[in-house]
There are 2 protein chains.
Amino acid sequence: MSRVRVHNFSVSIDGFATGEGQSLDAPFGHAGTRLHEWFFPTRTFQQMLGKPDGSHGVDDAIAGTWEAGIGAEIMGRNKFGPQRGPWENDDWNGWWGPNPPFHTPVFVLTHHPRPSVEMEGGTTFHFIDATPQEALRQAREAAGDLDVRIGGGPTTVREFLAEDLVDHLHIAVVPIVLGRGERLWDGLEGLESRFQVESVTTPGGITHMTFTRP
Amino acid sequence: MSRVRVHNFSVSIDGFATGEGQSLDAPFGHAGTRLHEWFFPTRTFQQMLGKPDGSHGVDDAIAGTWEAGIGAEIMGRNKFGPQRGPWENDDWNGWWGPNPPFHTPVFVLTHHPRPSVEMEGGTTFHFIDATPQEALRQAREAAGDLDVRIGGGPTTVREFLAEDLVDHLHIAVVPIVLGRGERLWDGLEGLESRFQVESVTTPGGITHMTFTRP
């Protein structure tokens, strides 16, 4: 059975995975870039931008596991864009330009479905109004034998964790107190009991945690 | 100037420093012992119990810094005991038996002052209704040239952090999702900007963080 995986999901020490006030200019609201500064220099992120290289340390080693073996992604609409409610038009195709870094089918959860859109490089966005279970069924069908990534944002990751649909969760705990935004951990009391948990702190001060289904 | 220090303060990954429902049988409420399992085997804790030895690893090395150079402690009433409101009598002298592990004056913050009580081993409990600043003034006077420890619980630590009165903060992040209880980080947005922050994860899975005033 293919696994369901979450990778490179940054959370502040007070549990926020994104800040308050998302907008076109601020995808993570008042958090700005603070939750992801550790990620930017890595080879993994630089290659998403089409740059040839980047850092090769432990942060990158862990970040780089996001890609291999993934056949489809599921993301929440708030990861896809800052719009809320019915779409005004179909012009918005995500934050990532014509060639998004996913290179697989991507299922965008929304109460306002619209036609699928095929991007360059193998990414196709499908817009579905579905429960986590139904979204996963569709993503698994698209992924074949490969794994499914839950790409975020916090609400989507939290819903899949609450339904016990996640097999591997990588959290990067960033040593900042964000104070406001979307919390990851709400409603997940006792989550650790379902997983084998490992932690390592890298020299930049990030604590990487992996939750793996035993 | 003597420093103000917090040590061995355990917090879950969702930011709770104690659980819901404190009682005589459950000093940390529904959290039980889960926030402090890392601490129990250490030589530092075993010696508080009068035992001769315990573990000598990195957890103990960090835990053991709590004692040296401390001349007084300030604690909240909820650390001192499970009672709320006016004292029914003066029988309760804390959870720690006749010889508490503090061995200094301890200032208990309460809206219901009662006479000071001298315990064995150098601990004297003083009960004061005071602002953080006033409590610190009294504790510093009692500590002489030595440092003052803020002993908890979460409300008290948070108040002293909010007033920017803390010079050194040691947090042990425990990889559990507690779900309910008293949050440490609320109202402390941007706290990290006032400190130099270091993190290390020990083999038991605890991430020790130190926040030190530069």
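These notebook entries record what I looked up in a predicted model with chains A and B.

**Entry 1. Conventions**

I number residues from 1 along each chain as its sequence is written, and I letter chains from A and number ligands from 1 in the order in which they are written. In this predicted model local features need pLDDT of at least 70, side-chain atom pairs count only at pLDDT 80 or more, and totals for chains, interfaces and linings use all residues, while side-chain values use heavy atoms, with hydrogens and water left out.

**Entry 2. Chain A overall**

I counted five helices and 11 strands in chain A; helices (H or I, at least four residues) and strands (E, at least two) are DSSP runs numbered from the N terminus. The C-alpha trace of chain A spans about 45 × 35 × 35 Å along its principal axes. Of the 214 residues, 53% count as buried, where buried means under 20% relative accessible area, exposed over 50%, and partly exposed in between (1.4 Å probe, protein chains only).

From UniProt I took the feature "domain: Bacterial bifunctional deaminase-reductase C-terminal" (unreviewed entry), placed at residues 8-202 of chain A. UniProt positions are in the numbering used here, feature names are shortened, and annotations may be inferred rather than shown by experiment. The end C-alpha atoms of residues 8-202 lie 14 Å apart, and this span is 19% helix and 25% strand.

**Entry 3. Cavities**

Grid points are joined across faces, edges and corners, and a volume is the space filled by probe spheres set on the points. I found three cavities of 30 Å³ or more.

The largest cavity has a volume of about 100 Å³. It is lined by 16 residues, and the closest to its centre are Val173(A), Thr207(A), Val173(B), Thr207(B) and Met209(B). Strands β8 (168-174) and β11 (207-212) of chain A and β8 (168-174) and β11 (207-212) of chain B each supply at least two lining residues.

Strand β1 (4-12) of chain A and β1 (4-12) of chain B each supply at least two of its lining residues. I counted eight nonpolar, two polar and no charged residues there.

**Entry 4. Salt bridges**

I found 28 salt bridges over all chains, each a side-chain nitrogen of Lys or Arg within 4 Å of a carboxyl oxygen of Asp or Glu.

Asp147(A) and Arg3(A) form one of them, at 3.7 Å, N to O. They are 144 residues apart, with Asp147(A) in strand β7 (residues 147-152) and Arg3(A) in the segment before β1. Asp147(A) is buried at 11% relative accessible area, whereas Arg3(A) is partly exposed at 37%.

Asp186(A) and Arg183(B) form another, at 3.8 Å, N to O. This pair joins two chains, because Asp186(A) lies in the loop between β9 (182-183) and β10 (196-201) of chain A and Arg183(B) in strand β9 (residues 182-183) of chain B. I read 39% for Asp186(A), partly exposed, and 18% for Arg183(B), buried.

**Entry 5. Backbone exceptions**

Most residues other than glycine have a negative phi, and most peptide bonds are trans. I noted a cis peptide bond between Gly152(A) and Gly153(A), with omega about -5°, and a cis bond between Gly152(B) and Gly153(B), with omega about -5°. Gly153(A) lies in the loop between β7 and α5 (154-162) of chain A.

Asn8(A), in strand β1, has a positive phi of about 55° and is buried at 13%. His103(A), in the loop between α3 (77-80) and β4 (105-109), has a positive phi of about 60° and is partly exposed at 38%.

Definitions and conventions:
1 Å grid on protein atoms, 1.4 Å probe; cavity = no way out; pocket = protein on both sides within 12 Å on 5 of 7 lines; lining within 4 Å. Nonpolar A, V, L, I, M, F, W, Y, C, P; charged D, E, K, R; others polar.
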